[in-house]
Amino acid sequence: MTNIATWARVKSPWVLHFNSGACNGCDIEIVALLTPKYDVERFGIKLEPSPRHADVLLTTGCVTQQCAERLKRIYEQMPQPKFVVAIGACACSGGVFAGNYNVVGGVDKVIPVNAYIPGCPPRPEAIIDGVVKLLNSLQPPKPAKKEEKKDVKQ
Ligand code: SF4
């Protein structure tokens, strides 16, 4: 059963997007993923508006004081197992807004992060690459191939 659930999650992850204080540059790159040019739905990646049905949380922007509690609440509403991807320099570390009076910092100051995708903003290809690498890391390891028997003439 676990293998089927992992297979389904890897083949068709449902992602939730949350902006905790971004300038919208990273959000536009995420929106680009859904356009026919990148069309991530062909890989089974589906944008899901409800945290209760999402497998992966895509976060953009530094975390502002105002958004920290909301980000935490959304994360807690997601079912296990859940994964968080920090997209862009601001989500990774606070970026250009780090140290601001109203900024807590990067996303990992509030919730655990599984994958970091740097860039300001990262290109859509980099976001796809990061999400695919995260999903591949969930795959159970493949069994080692048996060594072929060689005929040894004595
Ligand atoms: S990383 Fe750059 S594009 Fe993304 S939210 Fe920060 S400033 Fe904007």
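Visitor: What share of the residues of the chain count as buried?
Guide: This is a predicted model, and in it 34% of the 154 residues of the chain count as buried.

Visitor: And the overall form, what radius of gyration does the chain have?
Guide: The chain has a radius of gyration of 19 Å, whereas a compact globule of 154 residues would have one near 15 Å. Along the principal axes, the C-alpha atoms fill a box of roughly 80 × 35 × 30 Å.

Visitor: How many helices and strands are there?
Guide: The chain has five helices and seven strands, and from the N terminus on, these elements follow the order α-β-α-β-β-β-α-β-α-β-β-α.

Visitor: Which strands pair with β5?
Guide: Strand β3, residues 56–60, runs parallel to β5 and is joined to it by five bridges, with L58 standing opposite V85. Strand β7, residues 115–117, also pairs with β5 in the parallel sense, over three bridges, and here V85 stands opposite A115.

Visitor: Changing topic, which residues come nearest to the ligand?
Guide: There are 13 residues around the ligand, and C23, G25, G88, C90 and C120 come nearest. The helices α2 (25–34) and α4 (89–93) each supply at least two residues of this shell.

Visitor: What classes of residue make up that shell?
Guide: The shell around the ligand has eight nonpolar and five polar residues, and no charged ones.

Visitor: You mentioned C120. What is the peptide bond from C120 to P121 like, cis or trans?
Guide: That bond is cis, with omega near -10 degrees, and P121 is found in the loop between β7 and α5 (124–138). The peptide bond from Q80 to P81 is cis too, with omega near -10 degrees, and P81 has its place in the loop between α3 (65–77) and β5.

Visitor: One last thing, what is the phi of N24?
Guide: The phi of N24 is near 90 degrees, which is a positive value in a residue other than glycine. N24 lies in the loop between β1 (14–19) and α2.

Visitor: Why does N24 count as exposed?
Guide: N24 counts as exposed because it has 12 C-beta neighbours inside 10 Å, and the cut-off for an exposed residue is 12 or fewer.

Note on methods: Residues are numbered from 1 along each chain as its sequence is written. This is a predicted model: local features need pLDDT of at least 70, side-chain atom pairs count only at pLDDT 80 or more; totals for chains, interfaces and linings use all residues. A residue is near a molecule or strand if its C-beta atom, placed from the backbone, lies within 6 Å of it. Helices (H or I, at least four residues) and strands (E, at least two) are DSSP runs, numbered from the N terminus. Ala, Val, Leu, Ile, Met, Phe, Trp, Tyr, Cys and Pro count as nonpolar, Asp, Glu, Lys and Arg as charged, and the others, Gly among them, as polar. The radius of gyration is taken over C-alpha atoms; the globule rule is 2.2 Å times the number of residues to the power 0.38. A residue is buried if 20 or more other C-beta atoms lie within 10 Å of its own, exposed if 12 or fewer, and partly exposed in between; C-beta atoms are placed from the backbone. Two strands pair if DSSP finds at least two bridges between them.
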